[in-house]
Structure formats: structure tokens, C-alpha cells
Amino acid sequence: MIRISRQLLFSITKKDLRIDTFRSGGKGGQNQNKRDTGVRITHLESGATGESREERSQAQNKKKAFERMVENPRFKMWHKIKTAQILGIIKTPEEIEKEVDEWMDEKYLKIETF
């Protein structure tokens with residue numbers, strides 16, 4: 001049996017998210033009309049959002065909104081790219097620019113005149 005060890009590559013904190021609360025509206029009576037139970041969570045770096053307004057409490061809606069944000073295709077793509085960059089599979093734009101500058105060094109250039 002092959003065991004693959006897991007390690008934490010990066011984490012997402014509240015600083016990486018924008019959490020908006022709002023009144024849900026619609027059916028549900030006074031609780032929905034007077035309390036900010038609806039929640040929208042936006043991951044700032046990827047732009048992925050998740051929203052929930054079905055539950056009666058803000059805490060439950062926060063949990064659902066976060067789960068929906070994580071399932072968003074934009075977040076999944078950002079996660080794949082970020083993981084690949086950390087593991088060194090994909091180069092960052094800064095690394096590519098540095099590599100091109102190294103290639104443009106005089107020892108790699110051949111200048112011919114006719």
C-alpha cells in the first residue's frame with residue numbers, strides 16, 4: 001500500500017474574503033424582513049462568490065455561502081493554479097520575466113553583420 005503524506009500548502013483567512021450580510025426578504029415573516037440573515041462571501045483574489053439566504057440564522061447561511069464559494073468554478077481554477085505555483089509546476093509571471101532577461105544576456109546572443 002502506498003501512503004501519500006498531506007501537507008498544508010496555503011490557507012484562506014477572513015482577510016482573503018469579503019463577507020456581506022443583507023436582509024433576505026421574501027417569505028419567512030418578520031425574521032427575514034427585520035434581520036440581516038442573508039450572507040454573500042466573495043474570495044477577493046479569484047472573484048468567486050457564494051450566497052445563501054435559505055436558513056433562518058446568519059451562522060447557517062455563512063456556512064452554506066462558504067461551501068458554495070468553494071464549489072464555484074472560478075475558485076476551483078484559482079486553487080489549481082495557486083497549488084501548481086507553490087509546487088513549482090507553473091511559473092509566476094515574475095519568474096518568466098526573469099528567465100527571459102537571463103536569455104537576453106550577451107553570452108546567449110549572436111550578432112552577425114553582413
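Let me begin with Lys14, which sits in the segment before strand E1 (17–22), where strands are DSSP runs of E with at least two residues and helices are runs of H or I with at least four, numbered from the N terminus. This is a predicted model, in which local features need pLDDT of at least 70 and side-chain atom pairs count only at pLDDT 80 or more, while totals for chains, interfaces and linings use all residues. Residues are numbered from 1 along each chain as its sequence is written, and side-chain values use heavy atoms, with hydrogens and water left out.

Lys14 is exposed, with a relative accessible area of 69%; by that scale, buried means under 20%, exposed over 50%, and partly exposed in between, using a 1.4 Å probe and protein chains only. Although Lys14 and His43 are 29 residues apart in sequence, their C-alpha atoms lie 9.3 Å apart in space.

Five residues separate E2 from E3, and Gly47 in the turn has a positive phi of about 85°. Within this pairing, Arg40 stands opposite Glu51 in E3. Strand E3 itself, residues 49–52, has Gly50 and Ser52 on a covered face, and Thr49 and Glu51 on an uncovered one.

Finally, we come to helix H4 (residues 93–103), where Glu95 is placed. How exposed is Glu95? Glu95 is partly exposed, with a relative accessible area of 42%.

Conventions
Pairing = 2+ DSSP bridges.
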